[in-house]
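Please read the following report alongside the sequence and the model. It moves from the chain as a whole to its sheet and then to single residues.

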Amino acid sequence: MTEQNGFKYSILASGSTGNSFYLETPKKKLLVDAGLSGKKIESLLAEIDRDIHDVDALLITHEHSDHIKGIGVLARKYGIDLYANTLTWSELDEKNALGKIPSEQKHIFEMGKTMTFGDLDVESFGVSHDAISPQFYRFMKDNKSFVMLTDTGYVSDRMRGTIENADGYLMESNHDIEILRMGGYPWKTKQRILSDQGHLSNEDGAEAAFNILGNKTKRIFLGHLSLHNNIKELAHLTMDGYLQQHDVDTKREVNIIDTSHEHASKLFDI
């Protein structure tokens with residue numbers, strides 16, 4: 001039974017192979033993205049004893065396949081309401097990326113706006129990524145909040161002002177710069193990842209986390225790790241080392257938590 005105070009959440013999957021996030025309050029159950037097959041999303045929810053039939057809405061961050069792969073199937077099979085901004089919908093529709101979705105299931109959630117889902121307020125904010133109009137979300141209830149921040153090449157001052165001092169963060173630690181540079185990706189792909197419209201490196205993610213955390217912050221989840229250009233232990237050590245160097249107690253004050261591209265995290269209370 002969900003307690004009335006705050007909310008519960010799980011990082012169902014986070015990584016270059018697919019991303020999905022689950023959040024529930026006493027009144028609403030939401031997904032953000034479904035970048036794996038519909039069947040895999042169902043099995044990830046089952047890992048935390050939750051059922052896709054109960055999901056009320058699915059929020060879309062942007063049109064890249066590792067965030068939308070299973071959305072069309074889930075929307076048609078279960079009648080889930082979908083939310084994205086106008087430009088993202090235009091891109092999805094133009095490319096027929098989700099297949100045919102009944103118009104009554106398609107809703108607009110513009111960048112920079114706050115929408116209320118039952119007893120939960122959700123604020124969207126823009127990020128710097130090579131998608132048409134990428135946005136992520138801050139979830140707020142009972143003076144508690146959780147922020148998702150991946151798929152951005154840098155964190156702007158404006159972004160920082162929107163997302164600072166949350167209770168928890170899903171923070172991008174996509175790649176280690178040296179592993180990426182030495183790896184087998186084409187140079188053009190490497191340039192894209194390293195650009196201001198690419199992804200945060202381990203070091204960038206650690207610096208960004210330090211700049212936005214506050215006295216409320218208790219958990220930082222390391223998100224969107226590249227399968228080929230990162231190592232989980234290295235991402236963890238980079239975040240831990242940076243925060244400790246800047247006098248953040250990562251043993252008692254802020255807990256750094258790894259995520260998986262294959263298995264859901266436990267269901268956390270905020």
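The report below describes the overall dimensions, the strand pairing and a few individual residues.

This is a predicted model, in which local features need pLDDT of at least 70 and side-chain atom pairs count only at pLDDT 80 or more, while totals for chains, interfaces and linings use all residues. Residues are numbered from 1 along each chain as its sequence is written, and side-chain values use heavy atoms, with hydrogens and water left out.

**The chain as a whole**

The secondary structure of the protein chain comes to 9 helices and 14 strands, where helices (H or I, at least four residues) and strands (E, at least two) are DSSP runs numbered from the N terminus. The radius of gyration is 17 Å, close to the 18 Å that the globule rule gives for 270 residues, so the chain is as compact as a globular protein of that length; the radius is taken over C-alpha atoms, and the rule is 2.2 Å times the number of residues to the power 0.38. Taken along the principal axes, the C-alpha atoms fill a box of roughly 50 × 45 × 35 Å.

Buried residues make up 54% of the 270 residues, with buried meaning under 20% relative accessible area, exposed over 50% and partly exposed in between (1.4 Å probe, protein chains only). Among contacts (heavy atoms within 4.5 Å) between residues at least 6 apart in sequence, 66% join residues at least 24 apart. The accessible surface comes to about 12000 Å², of which 47% belongs to carbon and sulfur atoms; this area comes from the Shrake-Rupley method with a 1.4 Å probe.

The chain has 30 positive and 41 negative side chains, and the centres of the two sets lie 3 Å apart. Lys and Arg count as positive and Asp and Glu as negative, with His and the chain ends not counted, and each charge is placed at NZ of Lys, CZ of Arg, CG of Asp or CD of Glu.

**The open sheet**

An open sheet of mixed pairing is formed by 7 strands in the order S6-S5-S4-S3-S2-S1-S14, two strands being paired if DSSP finds at least two bridges between them. Its edge strands, each pairing on one side only, are S6 (106-108) and S14 (268-269).

| Strands | Sense | Bridges | Facing residues |
|---|---|---|---|
| S2 (residues 20-24) and S3 (residues 29-32) | antiparallel | 4 bridges | Phe 21 and Val 32 |
| S5 and S6 | parallel | 3 bridges | Ala 84 and Ile 108 |

**Individual residues**

Tyr 137 lies in strand S9 (residues 135-141) and is buried, with a relative accessible area of 0%. Its C-alpha atom is separated by 17 Å from that of Gly 205, which is 68 residues away along the chain.

Two aspartates in loops deserve a separate look. Asp 49, found in the loop between helix H1 (38-47) and S4, has a positive phi of about 60 degrees although it is not a glycine, and with a relative accessible area of 65% Asp 49 is exposed. Asp 247 lies in the loop between helix H9 (232-245) and strand S13 (255-258); its phi, near 65 degrees, is likewise a positive value in a residue other than glycine, and at 73% relative accessibility Asp 247 counts as exposed.
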